[in-house]
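Colleague: I am new to reading protein models. Could you walk me through one, a feature at a time?

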Amino acid sequence: YINNNYSENITLEYASAQLGFDQSYFCRIFKIATGATFTEYLNFVRICKAEKLLQNTKSSVLEVSEAVGFSSVSYFNRMFKKYRNCSPRFYRTVVRKNM
C-alpha cells in the first residue's frame, strides 16, 4: 500500500485501521516485518521516489517534495540528508554531472 500511495497523506492511524489492528500492535508487527518503524519506512520510500524525480525531471526541490508526499520542504530536506547524506539540490547536481 505504501509503495503505491506514498504521495498521499498516509497516517499510522489510517494504516492500522485499514488492517483492523490496534495502533500499538500494528507498530510492533510492522517493525518486525520491515525492520523499520512505519514512519521510517514511509519516509524511506518517499526519498527513493524523490531520487528518481531529481534525476529525471527539472522539477524544483519544493515540487519534488510535494510530489512524493512531504507537506514541508524543510522536513523533506532533513529526511533526504538523513538517508542520502547530502541535500536534494547537491544530489541532483552530482547525479547529473555523472550521467
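Modeller: Gladly! A nonpolar core is a set of buried Ala, Val, Leu, Ile, Met, Phe, Trp, Tyr and Cys residues joined through side-chain atoms within 4.5 Å. Buried means under 20% relative accessible area, exposed over 50%, and partly exposed in between, using a 1.4 Å probe and protein chains only. One note on the source: this is a predicted model, where local features need pLDDT of at least 70 and side-chain atom pairs count only at pLDDT 80 or more, while totals for chains, interfaces and linings use all residues. Residues are numbered from 1 along each chain as its sequence is written, and side-chain values use heavy atoms, leaving out hydrogens and water.

Colleague: Which residues have the most contacts inside the largest nonpolar core?

Modeller: In soluble globular proteins, nonpolar side chains tend to be buried together. Here the largest core has 13 residues, and Ile47, Phe70, Phe76, Phe80 and Tyr91 have the most contacts inside it. H4, H5 (61-67), H6 and H7 each supply at least two residues of this core; helices are DSSP runs of H or I with at least four residues, strands are runs of E with at least two, and both are numbered from the N terminus. A second, separate core of 8 residues includes Ile2, Phe26, Phe30 and Val45.

Colleague: At what angle do H4 and H6 pack?

Modeller: Two packed helices are described by the angle between their axes and the distance between the axes. Axes are lines fitted to C-alpha atoms, for helices over the stretch in contact, and angles run from 0 to 180 degrees between N-to-C directions. H4 and H6 pack at about 90 degrees, with axes 10 Å apart. They are therefore roughly perpendicular; that label covers 65 to 115 degrees, with under 35 roughly parallel, over 145 roughly antiparallel and the rest oblique.

Colleague: Is glutamate 51 buried or exposed?

Modeller: Glutamate 51 is buried, at 13% relative accessible area, and it lies in H4 (residues 38-56). Its side chain makes a polar contact of 2.6 Å with that of arginine 84. Such a contact is a pair of N or O atoms within 3.5 Å; within protein, one must be able to donate a hydrogen and the other to accept it, and residues adjacent in sequence count only if both atoms are side-chain atoms.

Colleague: What is the phi of asparagine 85?

Modeller: Most residues other than glycine have a negative phi. Asparagine 85 has a positive phi of about 60 degrees, although it is not a glycine. This asparagine 85 sits in the loop between H6 (73-84) and H7 (88-97), and counts as exposed at 70% relative accessibility.
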